[in-house]
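Subject: Structure handover and notes

Dear colleague,

Here is the structure I promised to pass on to you. Please look it over before reading the notes below, which go through what was found in it.

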Amino acid sequence: MTQGPETFDAIILGAGGAGMMCAATAGQRGKAVLLVDHAEAPGKKILISGGGRCNFTNVFTAADRYISANPHFAKSALGRYRPEDFITLVEAHRIAWHEKTLGQLFCDGSARQIVDMLLEECAAGNVDMALGEAISSVDHADGLFRIAFGGRQVAAPALVIATGGLSIPKMGATGFAYDLARKFGLKVVEPRPALVPFTLGPDDALFTSLSGVSADVIARTGKVAFREAALFTHRGLSGPAILQVSSYWRHRDPVEINFLPDQPDGWLRALKRDNARFTLRRALADRLPDRLAQALADRIGATGELGERKDAALAQVERHLARWTFHPNGTEGFAKAEVTVGGIATDGLSSQTMEARRIPGLYAIGEAVDVTGWLGGYNFQWAWASGVAAGQAL
């Protein structure tokens, strides 16, 4: 007789943050759960996050800080599993943490503590794990999902897609989630790199020579703007402000930078009245890193003393510095992107449970879904919240 597949209540594909959270939640509810991943170890992206300290949530989490074709989709899950809920879990595992700027929470120690915590939670739910196993087939018939990998055949009435997006392929990222979603008739919003540095073309070569220089700026593209640091690199622009706007940027869109966000309108003309012998370079060097001040002054071409220039000309310089326009020729792509914008379309999923509307028992969570957060812990909070939502529904 041919032996039938091993059976579980739920099979979760992907042992990242969302997958482990979902597995732990369902397992602790008494469900028989199998967690499968092609990587040899779980939580690889968690380990490299936050400079190795894991920016595990943000206290200012709200649905309007996420990008999605449906801006309301994330509200339900985020509202039912909040940052304070994850903080309670972190503290229950005696993990010390601290808050940085803008509501970002980090481990005092290592990101490894978050992975170990999730593994302990999975163990508490008796979750079975199959790591280092590439999936060879996924089928659905007679109300069961059948998965084949590494010589094993397994089946369950519920399948959770938690294999993430395309960002950081060297960490094992693939388009598996999208291929699987399409197989089952779900739509996919075009994936593109997000939270990613820009590259600049020859017209802005002057600025790539400033590699390593950073400044506090307001970066803007379209209707969105962020005030944080911008960093010049040998290829273009990076830093938190730039990464934030990159998630909204479309090819050929301009990116405007206000290099002096604290200076009021008329500041340069006022400086002329008080210090007529100042040069523009001197004025900028008092407010910006010296190499950046020199580069901006050189590009503007405002030589001589401020007293030699008319107020109208100085007003034009002020406007230039407040709305300096770059035209990125691209980004550094998925290789350097922290997350993926786009993914499995939310209109085919329940915002309450993450279950596919037309395929009972099929769920999608985490980065695989068309929900992408700002920089600063928002994407982890979506992983936890969507994982819990599905885990409670399994």
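What percentage of the 394 residues in the protein chain do buried residues make up? Buried residues make up 54% of them, where buried means a relative accessible area under 20%, exposed means over 50%, and partly exposed is in between, with a 1.4 Å probe and protein chains only.

Before the details, please keep in mind that this is a predicted model, in which local features need pLDDT of at least 70 and side-chain atom pairs count only at pLDDT 80 or more, while totals for chains, interfaces and linings use all residues. Residues are numbered from 1 along each chain as its sequence is written, and side-chain values use heavy atoms, with hydrogens and water left out.

Overall picture

The protein chain holds 13 helices and 23 strands, these being DSSP runs numbered from the N terminus (helices are H or I with at least four residues, strands are E with at least two). Its C-alpha trace spans about 95 × 40 × 35 Å along the principal axes. Of the contacts with a separation of 6 or more, 72% are between residues 24 or more positions apart, a contact being heavy atoms within 4.5 Å. The chain exposes about 17,300 Å², of which carbon and sulfur atoms supply 49%; accessible areas come from the Shrake-Rupley method with a 1.4 Å probe, and for residues only the protein chains shown count as cover. There are 41 positive and 41 negative side chains, and the centres of the two sets lie 5 Å apart. Here Lys and Arg count as positive and Asp and Glu as negative, without His and the chain ends, and each charge is placed at NZ of Lys, CZ of Arg, CG of Asp or CD of Glu.

Aromatic rings

The count comes to 15 aromatic pairs, under a rule by which rings of Phe, Tyr and Trp (its six-membered ring) pair if their centres lie within 6.5 Å, with planes under 30 degrees apart counted as stacked, over 60 as edge-to-face and the rest as tilted. Tyr-66 and Tyr-378 form an edge-to-face pair, at 6.2 Å centre to centre and with 90° between the planes. Because Tyr-66 lies in strand S5 (residues 66-67) and Tyr-378 in helix H13 (residues 378-393), this pair ties together parts that are 312 residues apart in sequence. Tyr-66 and Tyr-378 are buried.

Phe-86 and Trp-384 have ring centres 4.3 Å apart and planes at 5°, so this pair is stacked. Since Phe-86 belongs to helix H4 (residues 83-92) and Trp-384 to helix H13, the pair ties together parts 298 residues apart in sequence; both residues are buried. Ring pairs also link Tyr-66, Phe-226, Tyr-248, Trp-374 and Tyr-378 into a cluster.

Helix H11 (residues 290-300) has Leu-292, Ala-293, Ala-295, Leu-296 and Ala-297 as its buried residues, and their cover includes helix H7 (205-208), strand S15 (214-221) and helix H12 (311-322). Gly-301, which follows H11, has a positive phi near 75°.

Individual residues

Cys-54 lies in the loop between helix H2 (44-48) and strand S4 (55-58) and counts as buried, at 0% relative accessibility. Leu-102 lies in the loop between strand S6 (97-99) and strand S7 (104-107) and counts as partly exposed, at 47%.

Thr-353, in the loop between strand S21 (339-344) and strand S22 (362-364), is partly exposed at 22% relative accessibility. Leaving aside residues up to four places away in sequence, Thr-353 touches Tyr-363, Ala-389, Ala-390 and Ala-393.
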